[in-house]
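Try each task before you read its solution.

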Amino acid sequence: QNHEAIQKIQKDFLWMNAKLRSDSTIYNLCLDLEMVINYLKSKNDESWQQFEQLLQLLQRYESNLPIVNIDLVQVLLMLAFDIDWIRECALELAYENRSHNEYWKIAVINYNEVERTSIPWKSKRIGKTTHDRHIAISNPYHGNERMIGTENNKDRDCQIVVKDYETSKIIHQITPDKSYVINVAISADGQIIAFQSTNELSTFSPLGDSLKWSVYYTDNNNELYFIENELVKVQDQYFKFDELKFCPIEHRKAKVLATLSIDRKQVKVWDSQSWLCLKSLQVPAFIYKRGIQCLPTDNVNDAWPIKSASYISNNIECMILCYCKKGGLLQLKNYDLKLCYDDDILQTNFEPFPSFINGSNENLDIAASNNKQFISIKSGSWKIYLYIFRVRDGQLQSYLKLSYWNDLFQSIFITGKNRLLVYDDTNSLFEYSLQGDSLQWKSIKDDGNNDYENDIQTYFDDQQIIDSSYAYVGNHPVCIQLIKQGKAYKLKVNDLRQQSYREPFHHTLDQRYHACYICDELKSAIVIRLSDDNSNPIVVITQLMNFASQQEEMRQQKILCQYKSANDVWRLSIEESGYRKTDHTLIFVIKEELKYNKYWLTIITISLSEGQKTIYTDKDIYEHWQSIYMDEHFLITCNTDLLGLSNKGQLK
């Protein structure tokens, strides 16, 4: 054992770079680092702390690492700005290789603007497209954690994939009969999986007539069947549940799961070994608020429909019912599950979550740990907040606030461990540890002061960054940010020259905007508004002239184009923006979304010198449309038409 040689190899970032590219995963490198850490600890060598810093850095940002073509030196220059030894080693290698590659690093960062609590313990990339929205994970008590999800959901090559959570190695995969997977589930021991699939168009049916759950053993790939009683096998319609969830804790004598009927009125509990229906419970599909009580109703007007029903104990003593705008715990300990609901049941057994959790969100998104110690809730619209509440003896004690700029698909508590998984719309899975002194838990006081309620509502008044853009304007680096502050919309201009630093200044905008854009050599900023009218969406493109001037009288706003979509279109999005210097022309590529997730393409060009504009619409309808490359003269797209034919490298 050569002590110095081991340390030298494990600090060789070029060797690490080659290993990452060869293995196509960071898992093996992390195992090597863990072995080095344990070895150095056994030798009482304090340098193990440096390797632990590197290990934590790689695990924390795994979801952002481009493993296939990774340049680890560049990655470390970006991520290790506050770890001296890693930064210095990376700078030395960058200097040695400057003739082959260009490198950049973060020189200054304002820690006051970084919410340290929102930095995850680990992260990883799962799924392949934005349609891969659902995941589930088994209980680590039963051995290796298994995770189920989808790859290429809504495509012809859609797969149900079960992976080892730590190694990301595929353990099992199934091709579903129907390519649109709505939801997935996995048993606590990871041996049974379930998924809900349908034809894409059928999801618009109010009762989801074709939504079907399929259940399989992963070991032998056998499909399983529900049994209403010992003599009668459940017919096909009984597979059509609105929701299916396995109990997160399993015992030898009882392995159960619960299903919610299509009409969302009946919860059934099944034994996952015999597949017999054990118990049945009628729950209200709609509730309304009367005073401080929540009562069932059949009147759908001004009522809250149920979204989900799940339970967090194997003896079925407590369920979580989640309605739009209202969620709570339904205590079932002394309740005959064969009886139908009535007003008394909700009055005496349903305990709503406090008003500051439920709030005014139309779609409440709540997750709870099986040990009843933690509750999470997603809040916000432009900027997303995830609140994690710590519960003791049935009372909320303290909370954390995590912030995100991307939408969140799911939050899942890991059974038996104080860990939280958060899955966002970039297919990144973030893992947080809910233990440790570094967490900034905020106390919920009992003296009547609603500090936590005020904190939850601050996102309405806080400065929210909606979009940003940067360029060299007059050979000076400039960054602009489109922000919302209260009800006002502003354009924040940041001059990034270190030698002549100026405080940022703001343009006050006349109305709501959704995107901003600047480019090299263009002395104007562009802001774009997308209307909220889904019947005929409108794009308004506005020019802010002399936007970099601090003299307000020099700055002017001018509407360049108002484009109104066809009646078939219900949503617009700006996919590309560009500026052609040769003829002073702005270029915008707009994706127009039709019903049933179909798309067509519109290109708008605006001549700033002559004021002329052209609008070209390609009304060939595609199931998928993606921009690959755009410059001053060409746009390359990848499209899939209704027949599933891919047109890669198409020039428009």
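The exercises below go from the whole chain to single residues of this predicted model.

**Exercise 1. The chain as a whole**

Find out how many helices and strands the chain has, and what percentage of its residues count as buried.

*Solution.* Start with the secondary structure: the chain has 9 helices and 40 strands. Next, turn to burial, where 50% of the 652 residues count as buried. Then take the contacts with a separation of 6 or more: residues 24 or more positions apart account for 46% of them.

**Exercise 2. The largest nonpolar core**

Work out which residues of the largest nonpolar core touch the most other members, and which helix supplies the largest share of this core.

*Solution.* First, list the members: the core has 34 residues, and Phe13, Leu54 and Ile86 touch the most other members. At least two residues each come from helices H2 (13-23), H3 (27-42), H4 (48-60), H5 (72-79) and H6 (84-96). The largest share belongs to H3, with 7 residues. Third, check the partners of Phe13. Leaving out residues up to four places away in sequence, Phe13 touches Leu54, Leu72, Leu76, Trp85, Ile86, Cys89, Ala90 and Leu93. Last, search elsewhere: another core, of 22 residues, lies apart from this one and includes Ile528, Val569, Leu572 and Ile604.

**Exercise 3. Surroundings of a valine**

Decide whether valine 184 is buried or exposed, and identify what it touches.

*Solution.* Begin with its place: valine 184 belongs to strand S6, residues 180-186. Valine 184 counts as buried because its relative accessibility is 5%, and the cut-off for buried is under 20%. Now go along the chain to histidine 134, 50 residues apart from valine 184; the two C-alpha atoms are separated by 6.4 Å. With residues up to four places away set aside, the contacts of valine 184 are His134, Ile135, Ala136, Ile148, Thr150, Ala194, Phe195 and Trp213.

**Exercise 4. Cysteines and disulfides**

*Solution.* Count first: the structure holds 0 disulfides. A disulfide would need the sulfur atoms within 2.5 Å. To finish, compare burial: cysteine 516 is buried, with a relative accessible area of 5%, and cysteine 638 also counts as buried, at 17%.

Definitions and conventions
Residues are numbered from 1 along each chain as its sequence is written. This is a predicted model: local features need pLDDT of at least 70, side-chain atom pairs count only at pLDDT 80 or more; totals for chains, interfaces and linings use all residues. Side-chain values use heavy atoms; hydrogens and water are left out. A nonpolar core is a set of buried Ala, Val, Leu, Ile, Met, Phe, Trp, Tyr and Cys residues joined through side-chain atoms within 4.5 Å. Buried means under 20% relative accessible area, exposed over 50%, partly exposed in between (1.4 Å probe, protein chains only). Helices (H or I, at least four residues) and strands (E, at least two) are DSSP runs, numbered from the N terminus. Contact means heavy atoms within 4.5 Å.
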